[in-house]
Amino acid sequence: MSLNPRNSNSNKKKDGGFLARRAKTRTKSGKLSEEELLQKDVVTADDILQLERITENYLCPVDANIYDIDFTRFKLRDIDTATTLFEVAKPPPSESDESMDDIDEDELDPNAGRFVRYQFTPQFLKLKTVGAT
């Protein structure tokens, strides 16, 4: 009989512990894939840093926004020259938005407004200091 807890079967963790489970979620290259992340209950910032490219889908559902965060405006600027590089704002509600009460919830896209697509020139990467507000 061994008194060393490392040799005891009763102390072994199911699935081999955290590091073993984490190693199982890696692709052959050591990076995580979008498919692997979509299988997880919780996706962390460290997980995102393991991605090799942009994802085709969102990694969390709309209802994960438990704090009801609503981005209404976003601006990127060159700090050195105070030049606005990109700015987007959510339009104010219009009268037609009030009439949306008649629209079936199934017809609405839950991902509408969750992304902004923009393209920057190669000069953007040469900027020394970029600010976001």
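Is aspartate 47 buried or exposed, and what is its relative accessible area? Aspartate 47 is buried, at a relative accessible area of 2%; buried means under 20%, exposed over 50% and partly exposed in between, with a 1.4 Å probe and protein chains only. The model is predicted: local features need pLDDT of at least 70, side-chain atom pairs count only at pLDDT 80 or more, and totals for chains, interfaces and linings use all residues. Residues are numbered from 1 along each chain as its sequence is written, and side-chain values use heavy atoms, with hydrogens and water left out.

**View 1. Salt bridge between aspartate 47 and lysine 40.** A salt bridge is a side-chain nitrogen of Lys or Arg within 4 Å of a carboxyl oxygen of Asp or Glu. In this pair the closest N and O atoms are 2.6 Å apart. Lysine 40 is partly exposed, with a relative accessible area of 27%. The whole structure contains 3 salt bridges.

**View 2. Salt bridge between aspartate 70 and lysine 90.** The closest N and O atoms are 2.9 Å apart. Aspartate 70 is in the loop between helix H3 (45-49) and strand E1 (73-78), and lysine 90 is in the loop between strand E2 (83-89) and helix H4 (95-98), so the pair ties together parts 20 residues apart in sequence. Helices (H or I, at least four residues) and strands (E, at least two) are DSSP runs, numbered from the N terminus. Aspartate 70 is partly exposed at 46% relative accessibility, and lysine 90 is partly exposed at 46%.

**View 3. Salt bridge between glutamate 87 and arginine 73.** The N to O distance is 2.3 Å. Glutamate 87 belongs to strand E2 and arginine 73 to strand E1, and the pair links distant parts of the chain, 14 residues apart. Glutamate 87 is partly exposed, with a relative accessible area of 40%.
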